[in-house]
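Here is a short report for a reader new to this structure. Take a look at the model before reading on.

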Amino acid sequence: MASAFELRRRNQLIIAAAVVAVMIALPLGIKDVYIQNILVLTVMYAALSQSWNILSGYCGQISLGHALYFGIGAYASTLLFVKFGIIPWFGMAAGGIFAAAIALIVGWPCFRLGGHYFTIATIVLAEIGLILFLNWSYAGEASGLQIPVSGDSWTTFTFLRSKLPYYYFALGLAAVVWLVTYFIEDSKWGYYWRAVRENTLAAQSLGVQVFRSKMAAAAVSAFFTAIGGSFYAQFVSYIDPDSVMVFQFSLLMALPAVIGGIGTLWGPAVGAAILIPLTELTRSYMGGGGKGFDLIFYGAVIMIIALARPEGLLSLVTRTRPAPP
Amino acid sequence: MKTKITRREAGALVGGAVAGAFAPGLAQAQGKQIVIGGLYPLSGANAQIGVDAKHAYDTALDVINNKHDLDLPLAKTEGLPNLSGAKLAMTFADHQSDPQKGRAEAERLITQDKVVALIGTYQSAVANTASVAAERYSIPFLGADTSSPSLHRRGLKFFFRAAPHDEMFTQTMFDFFDDLKKKGKPVQSIALFYEDTIFGADSANVQRKLAGEKGIKVVADIKYRSNSPSLTAEVQQLKAANAQVLMPSSYTTDAILLMKTMAELGYKPPAILAQDAGFSEQTLFNAIGAQGEGVMTRSTFSLDLAQKKPSVGKVNELFKARSGKDLNDLTARQFTAAMIMADAINRSKTGEPQAIRDALAATDLPGDQTIMPWRRVKFDENGQNNDCTPVLLQRRGDKYVTVFPAEYAVADVVWS
């Protein structure tokens, strides 16, 4: 007989399949490009926030510098495409691998720092990345890079008016990152990472390889974040350092996970599903007046959630389960 | 669509024939509105720019939709005469200085609000993505106050810019140096000081290039991080280089810090010729007081044009009544953009995006029918107006006066 744990895991998969099925069907009934744009952003942030969640949620290493990996992904695929004509699909993979390598190089010194010091280091490193790209003439400095769009094409992943190809790619990415997280949860690494998060010293004393755990989590997290960055560059078809590498992006990746439930399978998706439509719709329908009501409203919602449910919205549905017999 | 217009025109004719007194009522009953979209930063660090822009556009709509005794297109009539007096309206969206949001808002205005044209965007990066969106939906896009030269070099068919781009601004500065040379006061050396943004980089690149062509020595070439907490090291370099003209490209907070640090370190260059931005802001001169005397900047606009063009003073009064401020370089360009767009919509006769685009492309508006110091408004095949001369201003007491070029100057330049 399957244990309660196995049943719960299987239920998670069924829920995920149902959610993905609904999300696949959703845009078929929504023809408005503006709403489609919001859907794209929502699933993109669900994927990005889940990537962030792998390092910061499961392994407990709070990063506020993921804009670095996002920017690396965006610039890697765009530079390869614009300068060498390499199609973005290869650029995406290259960007992901490069970002993972950077995460390991950065992690080498930084994972020796504990707690807040690690977080501060991630902010600083992302700022260094921003300044480097602002001054790198080959990458267009502050002027950024324009992705040429000649017509609809899956090869170059560019589409003139349609948002649906972008939507389905982002949905696929979110599903893959979710699945990776799902399998990690019940793997040796998943238990190592959570042990590191809960109590590094205790984990170490039990034989958990703390440093290697952190490095692995950082590489996986950076890889998927960079894929998201490449996707964003293709989606907007124009990038500059101020629009892909600023601190604001690091926050936007962390926020959905924090609001939804940090270190949980569904937290990032729930958070993104609430935050992204909220910020987009309030800006569009309340922000035109220039009075800032949209931001007051947005801030108030975040504050209310943070005060009422500091452990995230997901804690509303997950009841504390009874102790095993 | 064509038949509709014919019917409306016929209706207007019949109305006119039956009784003149009915005509206004008829126009009102038709009450057609033509809506154009405005994309501006309305929240965040640049929110004030967007709020001021709204006042500028509201002023333009007032001039277009109501009767005013001004020598500007559509001022003397109510609404758009060729569209049976339809009123022009604008709906605004907040792009928060983000290219992605700018594009999303452009698409929303086009598909949901059915705007027939777009105007914006202050930031060139946002204009980049928003104008591409407009192109994809075949909606004309008029860049009111964006100055990156790259914008009109992308082969877009629906992109237009009536105002000068950064290369034209810098060209005027070097034309001024040529003029000084003729007067026997040649400029030998300059120092470039610019922020590390698209604006700063573009500005310095052209300054460097033109200085090379004219044999003017660049003795300092300093790029700094915008919104820097300290500029002491940079100012020391400037002081050591001791150029004849200091040419800063900086926004307000950096400009204030630059001038204050210069005062602290006892550095006063013989001349300062700024690339607008922070140096067009009253805030800077409030902060630095007497140190601002004699500072020069390029601009697209100056209030003392009112001495040569009466409409400038009147429009300024209308704008001031709304905003409590005088027109400046940005708001004057925004007002003018709306006037040019309205003129094109009126000439399009149908108010359809494609017809408006063609009307914009055919625009040939004499400079004296604008509030700007421009020769005329006529777009080249890239959508750029090349007949919009920038002006150079010099600080005298508590205001700027136009000193170059001679046709718009109200005072002689003070140059040591």
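A crossing is left-handed if the near helix is turned anticlockwise from the far one by less than a right angle, and right-handed if clockwise. Helices (H or I, at least four residues) and strands (E, at least two) are DSSP runs, numbered from the N terminus. This is a predicted model, in which local features need pLDDT of at least 70, side-chain atom pairs count only at pLDDT 80 or more, and totals for chains, interfaces and linings use all residues. Residues are numbered from 1 along each chain as its sequence is written, while chains are lettered from A and ligands numbered from 1 in the order in which they are written.

**A helix pair in chain A**

The crossing of helix 12 of chain A and helix 13 of chain A is right-handed. Helix 12 covers residues 267-286 and helix 13 covers residues 293-308. Their axes come within 8 Å and cross at roughly 155 degrees. Axes are lines fitted to C-alpha atoms, for helices over the stretch in contact, and angles run from 0 to 180 degrees between N-to-C directions. Helix 12 and helix 13 of chain A are therefore roughly antiparallel. Angles under 35 degrees count as roughly parallel, over 145 as roughly antiparallel, 65 to 115 as roughly perpendicular and the rest as oblique.

Helix 12 of chain A contributes Leu278(A), Thr279(A), Thr282(A), Arg283(A) and Met286(A) to the contact. Helix 13 of chain A brings Phe293(A), Asp294(A), Phe297(A), Tyr298(A) and Val301(A). Two residues are in contact if their C-beta atoms, placed from the backbone, lie within 7 Å.

**Where the chains and domains meet**

In chain B, 32 residues are in contact with 26 residues of chain A. Helix 4 of chain B gives the largest share of the chain B side, 8 residues.

Chain B is divided into domain 1 (31-164 + 306-385) and domain 2 (167-299 + 392-404). These bounds come from an automatic or database domain assignment. The centres of the two domains, taken over C-alpha atoms, are separated by 30 Å. Between them, 7 residues of domain 1 of chain B are in contact with 8 residues of domain 2 of chain B.

The table sorts residues by class. Ala, Val, Leu, Ile, Met, Phe, Trp, Tyr, Cys and Pro count as nonpolar, Asp, Glu, Lys and Arg as charged, and the others, Gly among them, as polar.

| Side of domain 1 that touches domain 2, chain B | 3 residues | 3 residues | 1 residue |

**A sheet in chain B**

An open sheet of 5 strands in chain B has the order 2-1-3-4-5, with parallel pairing. Strand 2 and strand 5 of chain B stand at the edges with a single partner strand each, so one side of each has no neighbour in the sheet. Two strands pair if DSSP finds at least two bridges between them. Strand 1 (residues 33-40) and strand 3 (residues 118-120) of chain B are joined by 3 bridges. Gly37(B) has Leu118(B) as its bridge partner in strand 3 of chain B. Helix 5 of chain B lies across strands 1, 3, 4 and 5 of chain B, at about 175 degrees to strand 3.

**Backbone exceptions**

Most residues other than glycine have a negative phi, and most peptide bonds are trans. A cis peptide bond, with omega about 0 degrees, joins Gly120(B) and Thr121(B). Thr121(B) lies in the loop between strand 3 and helix 5 of chain B. Ser237(A) is not a glycine, yet has a positive phi of about 60 degrees.
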